Amino acid sequence: MSAILWHSAALTRFEYFELDHRTFGYALRGVVLARLEGEPAEVVYDIECDRHWQTRRVGIVQTCNSVVTALTLRVSEKQDWYNGNTLLPELGGLFDVALAI
């Protein structure tokens, strides 16, 4: 496992990130502490990629001002993206996810 601690003074945020090689591919996990719209916030993410670095699952939990918001997406072998059992056709064919906080 590899871990990184990153700080951006300009953006007022800290990020702790772990990359772990697993039997299915790779697990990327991290925590970001930041200010969102002037309020302190925590964003926890968990991304699973296959051996070819194609995203298979994304989990994000954001806590800001005591309000918790969660999102979990999964991706089929055909690159169909789902939120729970709901197909997200607008994301069809995408191989990757980019997180910006």
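1. Strands E1 and E2 (residues 13-21) pair in the antiparallel sense over 7 bridges. Strands are DSSP runs of at least two residues, marked E and numbered from the N terminus. Two strands pair if DSSP finds at least two bridges between them.

2. A word on the source. This is a predicted model, where local features need pLDDT of at least 70, side-chain atom pairs count only at pLDDT 80 or more, and totals for chains, interfaces and linings use all residues. Residues are numbered from 1 along each chain as its sequence is written, and side-chain values use heavy atoms, leaving out hydrogens and water.

3. Now the whole sheet. It is open, has 8 strands and runs in the order E1-E2-E3-E4-E5-E6-E7-E8, with antiparallel pairing. Strand E1 (2-8) and strand E8 (86-87) stand at the edges with a single partner strand each, so one side of each has no neighbour in the sheet.

4. Next, the core. The largest nonpolar core has 14 residues, and Leu28, Ile47 and Trp81 have the most contacts inside it. Such a core is a set of buried (under 20% relative accessible area, 1.4 Å probe, protein chains only) Ala, Val, Leu, Ile, Met, Phe, Trp, Tyr and Cys residues joined through side-chain atoms within 4.5 Å. Strand E3 (25-36), E4 and E6 each supply at least two of its residues.

5. Look at Leu28. Not counting residues up to four places away in sequence, Leu28 touches several residues, including Phe17, Ile47 and Trp53. Contact means heavy atoms within 4.5 Å.

6. Trp53 sits in the loop between strand E4 (39-50) and strand E5 (55-64). Trp53 is not a glycine, yet its phi is positive, about 65°.

Technical notes: Helices (H or I, at least four residues) and strands (E, at least two) are DSSP runs, numbered from the N terminus. Buried means under 20% relative accessible area, exposed over 50%, partly exposed in between (1.4 Å probe, protein chains only).
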